[in-house]
Amino acid sequence: MKMKKISWVILCLFVLFLCWGCSSHEKEKEPSENEKTNKIAIVTPENGPESNTKAQTPSDNAENLEDAKENSETTAPNENSAAETEGSDDAEATLAPPASSDDPDEQIAYYLENMTLADKVAQMFIVTPESVTDSSVVTVAGEQTKAAIEEIPVGGFVYLAQNLQTPDQVKEMLSNVQQYSMDRTGLPMFTCVDEEGGSVARLNGNPNFNLNYIGNMADIGSSGNVNEAYAVGQELGAYLRELGFNVDFAPVADVLTNPDNEVVRERSFGSDPQLVADMSSAVLHGLRENGVLGTFKHFPGHGATQGDSHTGNVTISKTWEELENAELIPFHRGIEEDVDFIMVGHISMPSEIGDDTPASLSFRMISENLRDEMGYDGLVITDAMNMGAIDQLYSSADAAKKTIQSGTDIVLMPSDFPSAYQAVLNAANAGTIPQNRIDASVTRILKAKLRILEEMQNKPAPLE
């Protein structure tokens with residue numbers, strides 16, 4: 001009898017244990033809808049600074065600059081604060097593309113849907129770092145740069161000689177910039193430099209960088225050896241890539257058809273259109289093989305101009321048909337090879353435009369001639385908008401609006417970036433610049449940046 005009681009007690013305890021286990025399992029928290037949502041991680045460049053990656057929230061569908069500023073300062077919570085915001089109606093999706101999609105078209109569609117208008121407009125500017133910070137000369141990327149990118153995530157920075165001191169300094173500065181950009185938008189920045197070789201080089205010739213000196217392109221052209229041009233592109237691309245640059249505003253694709261031209265005399269490969277096309281193409285290939293995007297400049301051809309657009313208005317007296325026989329041949333070659341950027345010069349062509357409007361502000365030259373007639377669908381960027389040919393005749397605001405209305409994708413270095421950005425944003429909000437005009441440019445920018453991002457992931461910059 002005693003044994004039966006003991007067996008009964010053991011059986012009861014076993015049943016109670018099973019019931020407790022089932023109850024405990026049922027009480028485990030079911031994942032919330034937010035927890036079920038696929039968390040999207042931002043991929044950072046492998047050679048970037050050590051930090052934990054964070055998903056970045058876009059600003060709240062702002063329709064004016066103030067809303068964009070307020071919202072752009074709000075970032076996604078870190079892991080320690082996730083419980084406080086989980087399930088909140090204010091929580092927003094990151095701008096990074098869905099981790100489940102490797103299709104660039106799907107990624108681009110995702111960005112276009114989730115980016116605010118303010119952020120889209122910001123991507124259409126490449127500026128000096130000084131124009132968005134309070135520094136007179138920027139040689140580091142710290143809290144000021146980070147705050148500027150969080151507020152207005154511009155498409156890129158262009159660096160001048162004053163910004164570039166030593167290899168380690170440049171690497172750290174550009175690495176930080178990329179980290180801030182990735183945190184803010186999930187996209188890399190265009191990190192740009194004018195590095196042609198010869199008389200226009202921000203790094204080559206600086207003894208601090210211990211680089212092999214690259215001479216003027218006129219000397220390369222006079223050799224007639226296209227392999228020398230390719231070697232230039234390879235060398236430029238290798239050290240730019242190592243330092244962290246991903247865009248070079250080179251090569252000069254201008255044909256020197258005006259013997260009195262002093263602006264590109266030493267920078268051009270020469271007066272033979274076919275040779276200039278071959279050598280420009282060779283430099284482009286050398287850059288690309290090192291993960292650096294190249295730029296054919298200065299459409300429709302600075303070698304035919306009289307005057308210097310750095311100081312004032314310049315003109316081409318030729319007709320479009322005459323340009324087709326010489327100056328446009330290298331640009332046709334670039335278009336055939338899907339050149340990453342074509343830089344439009346501040347060059348007046350009255351015979352084609354009908355007045356002295358610079359090509360960089362001309363719908364006829366950009367949308368009708370370069371896009372429609374010549375078939376270019378890559379990135380159109382202006383020459384620097386702080387040059388005399390623009391600054392003496394237009395405000396930064398008017399020039400920025402006019403060039404984007406004309407078909408430009410990226411406005412380079414306006415004298416007054418805040419007013420230029422605000423003017424374009426206001427025009428986009430008002431419909432003066434249609435939404436589809438903005439989206440067309442941002443689509444091209446996204447295509448290029450996704451290629452850069454893939455390059456950053458697959459081919460990290462070489463280490464010393």
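This briefing covers a helix, a strand pair and a cavity in one structure. The model is predicted, so local features need pLDDT of at least 70 and side-chain atom pairs count only at pLDDT 80 or more, while totals for chains, interfaces and linings use all residues. Residues are numbered from 1 along each chain as its sequence is written, and side-chain values use heavy atoms, with hydrogens and water left out.

**Helix H8**
- Helix H8 covers residues 167-185; helices (H or I, at least four residues) and strands (E, at least two) are DSSP runs, numbered from the N terminus.
- Its 19 residues should span 27 Å at 1.5 Å a residue, and the end C-alpha atoms agree, being 27 Å apart; the expected span is 1.5 Å times one less than the number of residues.
- H8 is largely enclosed by the rest of the structure, because 17 of its 19 residues are buried (under 20% relative accessible area, 1.4 Å probe, protein chains only).

**Strands E9 and E11**
- E9 (residues 341-344) pairs with E11 in the parallel sense over four bridges; pairing requires at least two DSSP bridges.
- Phe-341 is opposite Leu-379 in E11.
- In E11 (residues 379-382), Leu-379 and Ile-381 point one way, Val-380 and Thr-382 the other, and all are buried.

**Cavity**
- The structure has one cavity of 30 Å³ or more, a cavity being a set of points on a 1 Å grid over the protein atoms alone where a 1.4 Å probe fits but cannot get out.
- The largest cavity has a volume of about 40 Å³, taken as the space filled by probe spheres set on the points.
- Its lining residues (an atom within 4 Å of a point) include Glu-196, Met-217 and Phe-269.
- The lining divides into eight nonpolar, no polar and one charged residue; Asp, Glu, Lys and Arg count as charged, and Ala, Val, Leu, Ile, Met, Phe, Trp, Tyr, Cys and Pro as nonpolar.

Note on methods. Buried < 20%, exposed > 50% of the residue type's maximum accessible area, 1.4 Å probe, protein only. 1 Å grid on protein atoms, 1.4 Å probe; cavity = no way out; pocket = protein on both sides within 12 Å on 5 of 7 lines; lining within 4 Å.
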